[in-house]
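Okay, thanks for having me, everyone.

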Amino acid sequence: MSGHSKWASIKHSKGKADKQRSKVFSKLSKEISVAAKLGDKDPAMNPRLRSAIQAAKSANMPKDNIERAIAKSSANSEINYENLRYEGFGPDKIAVIVEAFTDNKNRTVAEVRHAFTKAGGNLGTDGSVAYMFDNMGQFHFAPGADEEALMEVAIEVGAEDVETAEDGSIEVTTDPGDFLTVKEALLEAGFEPEMSELGMVAQNLTELDPDASEKVIRLIDHLEDLDDVQNVYTNAAFSDE
């Protein structure tokens, strides 16, 4: 599973540092509202809502914002959001998966298609790249964490893998069904991840040169800036040069 930590690090820095706080909060609020609308409004009874709230807290989203997002799921009950997934190819035929929540799929597909086209890529059909990814839980820890102790806790509660990157950061991957169990165990042991999420993980990564890396990152930035887009995944391994 080499290379996954590299993408997690880049995604973390791009998604948390480069994005405007209001944009991040907007996407998190939508996820909370949709999760609350589709299931129980009690996080203890709704794993998706619980995970969304945890993600919001990790981004330092105020408690009032979280509560308003949950309330909004009832206030806007007439608005029907759809979960959509788009698959396509970016520069250098890099595989890209885009997840979106929208109340207007015609608008969303037009915006996503435009982003791919502008980057020199193209949208694919359903299943055109999904087979290259696995749905996994991921926990990313900054350099300095006790690798041996972290690995012991993670493996004991069912984590799939623990990997240390060259920069000393550590990534723990889990089966989606074990995500919350592993997270709770890690927190109880004093290991708080700087990023945790359920998402698509590429089975194999494609190394890119600096020029191609810049083009793909530009596509990802464009996609993540779209209001309806929640997550973007790719099999690119970006050059550090």
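Let's start with a quick one: is D146 buried, partly exposed or exposed? D146 is partly exposed, because its relative accessible area is 44%, and the rule here is that buried means under 20%, exposed means over 50%, and partly exposed is in between, with a 1.4 Å probe and protein chains only.

Before I go on, a word on where this comes from. This is a predicted model, where local features need pLDDT of at least 70, side-chain atom pairs count only at pLDDT 80 or more, and totals for chains, interfaces and linings use all residues. Residues are numbered from 1 along each chain as its sequence is written, and side-chain values use heavy atoms, leaving out hydrogens and water.

Back to D146. You'll find D146 in the loop between β4 (133-141) and α6 (147-156). Helices here are DSSP runs of H or I with at least four residues, strands are runs of E with at least two, and both are numbered from the N terminus. Together with E147, E148, E152 and E156, D146 forms a negative surface patch. To join a patch like that, a residue needs over 30% relative accessible area and no salt bridge, and like charges are joined within 9 Å.

Now hop over to T164, in strand β5 (residues 161-164). T164 is partly exposed, as its relative accessible area is 32%. If we skip neighbours within four places in sequence, T164 is in contact with E147, S169 and I170, where contact means heavy atoms within 4.5 Å. T164 and P143 sit 21 residues apart in sequence, with 8.9 Å between their C-alpha atoms.

Okay, zooming out. How many helices and strands does the chain have? The chain has eight helices and ten strands. Of its 241 residues, 46% count as buried. And of the contacts with a separation of 6 or more, 72% are between residues 24 or more positions apart.

Next up, charges. Side chains of opposite charge can pair when their charged atoms come close. We call it a salt bridge when a side-chain nitrogen of Lys or Arg is within 4 Å of a carboxyl oxygen of Asp or Glu. This structure holds seven of them.

Take K30 and D228, whose closest N and O atoms are 3.4 Å apart in a salt bridge. K30 is in helix α2 (residues 21-38) and D228 is in the loop between α8 (210-225) and β9 (229-234), so this pair links parts of the chain 198 residues apart. Both K30 and D228 are buried.

Another one joins E31 and R48, at 3.3 Å from N to O. That pair connects helix α2 with helix α3 (residues 47-58), across 17 residues. Which of these is buried? E31 is, with a relative accessible area of 17%, while R48 counts as partly exposed at 29%.

Then there's E99 with R85, with the closest N and O atoms 3.4 Å apart. Here E99 belongs to strand β2 (residues 95-102) and R85 to strand β1 (residues 82-89), 14 residues apart. R85 is partly exposed, at 37%. And salt bridges that share partners tie K30, D103, R107 and D228 into one network.

Last stop: N104, in the loop between β2 and α5 (105-118). N104 is partly exposed at 32% relative accessibility. Its C-alpha atom is 9.0 Å from that of N80, 24 residues away along the chain. That's me done, thanks!

Technical notes: Patch = residues over 30% accessible without salt bridge, like charges linked within 9 Å, V, L, I, M, F, W, Y side chains within 5 Å. Areas by Shrake-Rupley, 256 points an atom, 1.4 Å probe, with all protein chains shown as cover. Lys, Arg positive; Asp, Glu negative; His and termini not counted. Charge placed at Lys NZ, Arg CZ, Asp CG, Glu CD.
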